[in-house]
Amino acid sequence: MESSRGTHLNMAAVTSRVGVARLLQAAFGCTTFSLVAHRGGYSAAYGTFCMSVWCFCFAVTIFIITCEFTRLHSCLSISWGNFTAAFAMLATLMTITAAVIYPLYVQFSCHSNGCEVRDFRISASVFAGLLFFAYVTEVFLTRAKPGQVTSYMATVSGLLKIVQAFVACILFGALVNNSQYNRYVATQWCVAVYSFCFAVTVVVVALSVTGKTSMLRCPFERFMVIYTFVAVLMYMSAAVIWPVFCFDRKYGSPHRPYQCSRGTCSWDSQVVIAVFTYVNLVLYIVDLAYSQRIRFVSHP
């Protein structure tokens, strides 16, 4: 018993650079949603989204810190390195979105009873930005170094998978916002491209996090190269088809209609889809370049 003293708790989980970054994430996240819930206030879908992001990221970060500190993660049947790397990237994207959306939609003017609400909202916006930088720091510290054998989700290709799935979610949001994608078979093909690539990307992330990549019939690294190449071709077709059938005079409108109201204009949604189609195309091209030279272990 005496010889095993001090071995059950992992002090490096809170004293290492990554551990300190996670402690800051928990502190900034708790401060942010506390300020908003106390006096900052939130409303409508944007406010609910921001609060959901901050609460979700705080809860998962506390879970990770607890598992690392108590070494409980060794009892879980998942690839811990892939899980933490994937979550850090996802939290980075979610927190930057919330950090931009919240100050955009809340009012910072003073009311008749003083400026206390405004001060709480300013403070919440500042801590939301700090929370984003805390997650960026973890991604920077845990990313795979050149020539290093590491978890797949910690590589550039793995991190890009999270970004690709996140961009696809933006595409789906714009598609359901009166984008009129069902007018032509060609634009329906674009929706099929977004859906297929999103589904396969989610499966790849799930297999990596659960450590089940061996379930594939072919070597995982070969599968990733083939899939990414197919995704590039599919996104290239969507990058050509969508603008033609939405902004060419023969099928759509090259200019924003004057009668379109802000927030419900189909032309605006079509522009968003076109832009993020090219964003994801670039991401898949970069992913293809990196996926041919990565080295990783499936279950660290």
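Buried means under 20% relative accessible area, and that cut-off comes up again and again in these close-ups of a predicted model.

**View 1. Phenylalanine 247 meets tryptophan 267.** Phenylalanine 247 has a relative accessible area of 18%, so it counts as buried. Tryptophan 267 is buried too, at 18% relative accessibility. Their ring centres are 5.8 Å apart and their planes sit at 75°, which makes this pair edge-to-face because the angle is over 60 degrees. The pair ties together distant parts of the chain: phenylalanine 247 belongs to helix α8 (residues 220-247) and tryptophan 267 to helix α9 (residues 266-291), 20 residues apart.

**View 2. A cluster of rings.** Here ring pairs connect Tyr194, Phe223, Tyr227, Tyr235 and Tyr284 into a cluster.

**View 3. A charge over a ring.** Look for arginine 143: its charged end sits over the ring of phenylalanine 140, 4.2 Å from the ring's centre.

**View 4. Alanine 91 and its contacts.** Alanine 91 lies in helix α4 (residues 80-105). With a relative accessible area of 0%, it is buried. Setting aside neighbours within four places in sequence, alanine 91 touches Cys57 and Tyr135. Valine 139 is 48 residues away from alanine 91 in sequence, yet their C-alpha atoms are 9.8 Å apart in space.

Key. Residues numbered from 1 in each chain as written. Predicted model: local features only at pLDDT ≥ 70, side-chain atom pairs only at ≥ 80, totals over all residues. Heavy atoms only, no water. Helix = DSSP H or I, 4+ residues; strand = E, 2+ residues; numbered from the N terminus. Buried < 20%, exposed > 50% of the residue type's maximum accessible area, 1.4 Å probe, protein only. Contact = heavy atoms within 4.5 Å. Phe/Tyr/Trp six-rings, centres within 6.5 Å; stacked < 30°, edge-to-face > 60°. Lys NZ or Arg CZ within 6 Å of the ring centre and 35° of its normal.
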